[in-house]
Each structure stands twice: as structure tokens, then as C-alpha cells.
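Got a new structure open and wondering where its labels come from? Let's go through a few of them, one by one.

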Amino acid sequence: MAQEPGTPGPETPTERTPATPAPVELSDLAALKALAQPRRQHMLQHLTLHGPATSATLARALGLNTGSTSYHLRELARYGFVEETEAGAGTGVAKAAEERRTERAPGHGRERWWRAVPGDRRFPPRSRQSAEMRHVMDELNHHAYAADLELFEQLQRGSAESGPWADAFPYSRGTIRLTPAELGAFFEEYIALLNRYKRPEAETPTDARTVLTRFLAFPAPLIDADADAGGGADAAAAVDADSGAGAGVDAEAEVAPERPAEATPVHNRKETEPS
């Protein structure tokens, strides 16, 4: 709702000036291999969604043993994906329960708490990836996208949401015609938008929830003109653009774009959200 002239309103994302993390390219094959390991991806996902945890917490949540989770945490920390944090730094019911268990355990040493390290981590463009790196990247993306889809389907299958959050699932599917340079600029604007909405935990409203954001854009397959002669009209009619509640934009139906001119490739990216 619009504010009356002269009436102070709540702080908007545009008015906030959070520190924007500098992009870091992950070009070390060993680091990419460490990140692509499925169990480590599951652990990072848990830390991102639920905040700091111990190896014992992760073991119970993921059906592993503490020796395994401790090893994987050390490997993730080795490449800067997780780091140790203070026991009181996390929030949530799971963390409070873990602290109570630790306090009750006689002779229990100091628990090591871990958190996911936020940052703007980017992958080298595919044209600069070796054959081995491409294989690792393909595995990493396969597991990451499968995990995202599982989370979304889990929400749809078992959701008991009510109130405002029951309808707060915007989505958008569309097509636009862009050059490689324009697609790169589009991506950077998306990252800037995410950073504009991020804020410290102390400034986050109590009714806020963790929202998973995913961005995926790729060129449509080129159409063989000889094989598709005479079918252009039907192909164009079969393409549409859908949007869900709150998406805000519908894209025009487009036939497959022509091959773009050569340009410097932009980064791929995997985002690690702040805990």
C-alpha cells in the first residue's frame, strides 16, 4: 500500500546499503570436487536452511555417522565452504535442543559448531573448463538441481501452510531474445537484486522465513531449418509463457533464437545463501 505524503514508512530494500560480496571464481578442480560430493551438498543444504549445527546434528538429520559428517565438514572447511562458529551464533529449535543435549552429557568436551560461509561463488565459463572439470560440474549441477526439485515437491506434497505464506510462491516461465552480453547483464542485475534484499539477522523481521531463490537461463535449442521447413507457424504456436501469483511479468512467445554472435562468456554461478 502506498504511503501518505510525509508519512514515514518502513525501510525499503532500495534504502538499505548492505555490503555486497565480491565475486570469487572457483577454478580449483580439487575445490570443485569437494563441493560436488553428494553428502557434502546435503550438509551444506542443511546448514543453509537450518543454520549452524554440529557434526552430531548433521549425522542425525542425514542418517550418517558422526565420523563421516566430521570428515566431510573438515573437507568443506578446507576449501572455505563452511567454518566454525560460536555455539550461541545460531538460532532455531534444533540448535536449542542440541545445546541442551550437550549440557546434559557428562564429561562432554566442547562441541564444534559449523556454519555455511555465504558468498558470491562463480564457476569458470564452460569454454575455459577442462574435460575433467566439465564432468565434475555436470555432476555438481545434477545433484544440486535434483535436491532443489525434491525440496519443491516436498513442499507441495506435505505443505500445511496457511495464511499469507500459503499463497506466497511466485514463479515465472518465459522467453526473451538476448545477446550473450545482454544475458550477462541480466544475470548481474538479478544478483544485485538478491543482495539488495539481504540483511543481517538482527535486522530481519520475526515473521521472515528462509526463501530459496534459484536462477536458470539457457538458450533454446537451434532448429534445423531443412528438417523444420514449413513447421514454423506450428512451432511458434506451441510456445507459451506462464507465470504464477506474484511473478509480475509474462514473456512473449518466441520461436527459437538465431545463433548469437561470439562474445566473452559470462560466469556460471552457484550461490551459497547466508545462514
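Q: Which residues of helix H2 meet which residues of helix H4?
A: Keep in mind that this is a predicted model. On the H2 side there are Arg 39, Arg 40, Met 43, Leu 44 and Leu 47. They meet Ser 68, Thr 69, Tyr 71, His 72, Leu 73, Glu 75 and Leu 76 in H4.

Q: At what angle do helix H2 and helix H4 pack, and how far apart are their axes?
A: H2 covers residues 38-50 and H4 covers residues 66-78. They pack at an angle of about 85°, and their axes are 10 Å apart.

Q: Why is H2 called roughly perpendicular to H4?
A: Angles from 65 to 115 degrees count as roughly perpendicular. The angle here is about 85°, so H2 is roughly perpendicular to H4.

Q: What makes Phe 218 count as exposed?
A: Exposed means over 50% relative accessible area. Phe 218 has 61% relative accessibility, so it counts as exposed.

Q: Where does Phe 218 lie?
A: Look in the loop between helix H7 (180-197) and helix H8 (232-238).

Q: Which residues form a nonpolar patch on the surface with Phe 218?
A: Tyr 145 and Leu 216 do, and together the three have about 370 Å² of accessible area.

Q: How much of the protein counts as buried?
A: Of its 275 residues, 25% do. Buried means under 20% relative accessible area.

Q: How many helices and strands does the protein have?
A: Its secondary structure comes to eight helices and eight strands.

How values were computed. Residues numbered from 1 in each chain as written. Predicted model: local features only at pLDDT ≥ 70, side-chain atom pairs only at ≥ 80, totals over all residues. Heavy atoms only, no water. Patch = residues over 30% accessible without salt bridge, like charges linked within 9 Å, V, L, I, M, F, W, Y side chains within 5 Å. Areas by Shrake-Rupley, 256 points an atom, 1.4 Å probe, with all protein chains shown as cover. Salt bridge = Lys/Arg side-chain N within 4 Å of Asp/Glu carboxyl O. Helix = DSSP H or I, 4+ residues; strand = E, 2+ residues; numbered from the N terminus. Buried < 20%, exposed > 50% of the residue type's maximum accessible area, 1.4 Å probe, protein only. Axes fitted to C-alpha atoms, helices over the stretch in contact; angles between N-to-C directions. Parallel < 35°, antiparallel > 145°, perpendicular 65-115°, else oblique. Contact = heavy atoms within 4.5 Å.
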